Amino acid sequence: MSQPTLISAQGLSVHYALRGGLIGPKPYVGAVENVDIEIASGSFFGLVGESGSGKTTLGRAMLRAAPISRGDVHFDDGEVSYSLKNLGKQDLKDYRKRAQLIFQDPYAALSPRMTVRDIIAEPLEVMGLTSSRAETDERVREIAAKCRLNVEHLRRFPHAFSGGQRQRISIARALVSGPKFIVADESVAALDVSIQADVLNLLKAIQEDMGLTFLFISHDLSVVAHVCDHVAVMYLGRIVETAPTRTLFSNPRHPYTSALLSAIPSLDPDDRGKVQKLEGEIPSPTNPPPGCKFQTRCPHAIDVCRIQEPSLEPAGTEHHVACHRWQELRDQTN
Amino acid sequence: MSRLIDVENLTLQFDTDEGRITAVDNVSFSLEAGEVMGLVGESGSGKSVTAKSLMKLNPRNAVYGPDTRITLHLEDGPVDVMSLQNDTEMKIVRGGSISLIFQEPMASFAPAISIGDQMVEQLMIHTDFTKAQSKELSIEMLDRVGISDPSTRFGQYAFELSGGMRQRAMIAMALSTKPKLLIADEPTTALDVTIQAQVIDLMKDLVTEFGMGIIFITHDLGVIAQTADKVAVMYLGKLVEQGEVRDVIRRPAHPYTRGLLAALPTLDDIDAPLTPIPGDIPSPLERPSGCVYHTRCQEVIGPRCSAEAPQFLQVDTNHAAACHIHDASEGAA
């Protein structure tokens with residue numbers, strides 16, 4: 001990669017304790033298990049998977065908003081270098097300024113009792129980044145303009161805004177502290193299609209303009225295909241495949257990625273019945289199957305898949321896949 | 001095929017503190033038995049309200065327009081839905097001949113009553129079955145929609161089932177009364193794509209098996225392309241385009257439908273720019289004059305768009321759109 005790595009996870013696991021287990025080891029849910037991920041500075045990195053795949057938890061762990069049980073996350077923006085597992089109080093405060101989150105639901109994320117100006121200014125005040133009110137206002141206006149909100153908008157309350165406008169307010173709030181790394185968690189999922197395109201275009205423009213790095217979490221593969229330059233696919237807390245967007249969508253190597261791609265409803269009415277249907281549902285992380293986590297639904301599972309968990313191995317330039325049979329399956333299709 | 005339902009000039013307004021809001025404006029369509037109609041539109045377009053008014057399922061402040069006529073064609077003769085008054089009469093359309101599946105399967109089951117008891121309850125209301133017969137049919141329906149171990153599931157509660165499973169149970173419940181018309185209000189929106197594909201498949205099988213009509217409400221044109229026979233597109237309570245699914249998706253005749261399709265990210269060309277429809281959906285309190293879409297339309301042809309509401313015009317066989325660009329007199333002028 002030509003760009004230096006901004007943030008990376010090594011063997012990252014996030015465990016949540018379960019009740020019980022008076023005798024023997026304490027039971028836990030592995031929401032994220034042994035994840036290695038590298039996000040280059042200035043990239044738009046997509047993270048996809050079904051609900052329960054652990055994508056949100058991974059995003060939060062990279063913000064130090066979920067507990068890191070094993071492994072570590074390294075952040076290096078050229079000015080500071082942090083190991084997130086052992087971050088002191090002061091450093092954590094500084095990290096909050098550099099890494100921010102945009103939420104899914106623009107209706108729930110904004111306080112109805114604060115004006116838009118106060119909503120956007122709050123991070124500055126909490127973090128003490130500005131020394132005077134005038135400076136705060138200046139900064140708020142600047143960031144609001146970037147998000148296509150005008151001065152008139154700043155005086156109003158969130159209820160006066162539509163979904164698309166609210167999401168632009170959330171984006172402004174996330175950007176105001178001057179972060180380097182943004183986690184956008186399903187940031188367009190609650191929006192109508194006509195508005196969704198507008199917000200996606202805005203995120204892309206801001207990213208290029210301000211040189212930000214995005215971790216874009218989504219369940220919608222078509223959206224990810226359009227905005228991200230690199231994609232990782234998660235299943236039951238593991239990354240099963242990661243590749244540059246074009247490679248992943250043209251040459252998916254993991255059977256789960258292929259099934260996900262095939263399940264997207266095509267706009268062509270004559271494609272009916274062509275869906276490669278996946279049986280069953282994602283298993284509960286409290287009781288994961290042995291071996292490969294996808295084996296319970298995988299049409300290609302054989303004995304080894306039920307015993308041994310595959311690890312991520314290189315399958316091309318920047319392309320990694322965790323499947324025992326990917327080479328075999330590739331040779332079959334070619 | 002035989003005609004199942006006729007909706008003519010459906011107009012529905014709501015009395016609110018801020019004034020009277022028009023939710024549905026002069027909408028007409030019809031559906032044959034065994035046909036799937038997709039009803040597409042963004043939030044606030046009035047698609048759910050339209051579907052619910054077929055069951056007269058609207059809050060007390062709803063006011064129907066005087067010309068509204070909804071006729072349900074049953075074996076015993078046509079039923080004028082608008083004339084139904086009390087709960088007893090309404091049973092015909094509410095859960096009897098028409099069933100409704102909601103978007104959020106968690107919210108549509110009562111949390112403290114088992115799935116089975118809820119299924120039995122509605123069968124006891126709508127059919128002459130005994131309790132034992134109702135239970136038997138319910139378990140059979142659960143099995144039919146692909147729920148494994150149906151007799152155990154019968155006794156479980158909604159929280160014990162996964163999202164996809166709940167939506168299957170919801171479908172089983174909606175179909176157990178053998179409705180003539182099934183209204184599915186965003187039935188797959190809350191589900192993951194792989195589960196969505198399973199549910200869509202299931203619904204297709206059931207249409208073939210039971211021969212009922214389906215009104216499939218969604219904002220996802222991909223889902224429409226994969227399920228519907230015909231499509232109706234709504235914007236701000238108005239029907240703007242109607243036609244066979246292939247015609248509407250391949251040759252959209254209304255600028256709004258074109259805009260929706262252009263805004264949709266597809267996998268065919270991932271480098272294509274996403275084109276949003278400019279502006280926001282106007283508040284129902286500030287309905288634009290003339291064509292309701294003119295404030296966001298990129299194909300405005302003149303002052304006529306903001307002055308005069310366009311008529312629904314045929315652009316092809318079974319394909320119509322409400323837009324002045326299709327008015328021949330405009331082209332000649």
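**View 1. R113(A) is exposed, with a relative accessible area of 75%.** On this scale, taken with a 1.4 Å probe on protein chains only, buried means under 20%, exposed over 50%, and partly exposed in between. The model is predicted: local features need pLDDT of at least 70, side-chain atom pairs count only at pLDDT 80 or more, and totals for chains, interfaces and linings use all residues. Residues are numbered from 1 along each chain as its sequence is written, chains are lettered from A and ligands numbered from 1 in the order in which they are written, and side-chain values use heavy atoms, with hydrogens and water left out. R113(A) sits in the loop that runs between β6 (99–102) and α3 (116–127) of chain A. Helices (H or I, at least four residues) and strands (E, at least two) are DSSP runs, numbered from the N terminus. From R113(A) to H159(A) the C-alpha to C-alpha distance is 9.3 Å, with the two residues 46 apart in sequence.

**View 2. Q167(A) is a buried residue of chain A, at a relative accessible area of 1%.** Helix α6 of chain A holds Q167(A). The Q167(A) side chain comes to 2.7 Å from the backbone oxygen of S187(A). Leaving out residues up to four places away in sequence, Q167(A) touches I102(A), F103(A), Q104(A), P106(A), S187(A), L191(A) and V199(A). Contact here means heavy atoms within 4.5 Å.

**View 3. A salt bridge joins E79(A) and K180(A).** The closest N and O atoms of E79(A) and K180(A) are 3.5 Å apart. A salt bridge is a side-chain nitrogen of Lys or Arg within 4 Å of a carboxyl oxygen of Asp or Glu. Over all chains, the search of the whole structure finds 39 salt bridges. The E79(A)–K180(A) pair links distant parts of the chain, 101 residues apart: E79(A) is in the loop between β4 (70–76) and β5 (81–83) of chain A, and K180(A) in the loop between α6 (163–175) and β7 (181–185) of chain A. E79(A) is exposed at 57% relative accessibility, whereas K180(A) is partly exposed at 26%. Both belong to a network of salt bridges that links D77(A), E79(A), D94(A), K97(A), R98(A) and K180(A).

**View 4. Within chain B, E299(B) forms a salt bridge with R258(B).** Their closest N and O atoms are 2.5 Å apart.

**View 5. Chain B meets chain A through 47 residues of chain B and 41 residues of chain A.** The two chains bury about 3600 Å² between them, 56% of it on carbon and sulfur atoms. Buried area is the accessible area (1.4 Å probe) that two parts lose on being put together, summed over both. Q226(B), L267(B) and I270(B) supply 17% of the area that chain B buries against chain A, more than any other three residues.

**View 6. Salt bridges and polar contacts cross the interface of chain B and chain A.** The rule finds 4 salt bridges across this interface. In one of the salt bridges, D271(B) pairs with R246(A), with the closest N and O atoms 2.9 Å apart. This pair runs from D271(B) in the loop between α12 and α13 (304–307) of chain B to R246(A) in helix α9 (residues 245–250) of chain A. R246(A) is exposed, at 51% relative accessibility. R250(B) forms a salt bridge with D268(A), at 2.7 Å between the closest N and O atoms. On the side of chain B that touches chain A, at least two residues each come from α8 (163–175), α9 (193–210), α10 (221–227), α11 (245–250) and α12 (255–263) of chain B. The largest share of that side, 8 residues, comes from α9(B).

Methods. A polar contact is a pair of N or O atoms within 3.5 Å; within protein, one must be able to donate a hydrogen and the other to accept it, and residues adjacent in sequence count only if both atoms are side-chain atoms.
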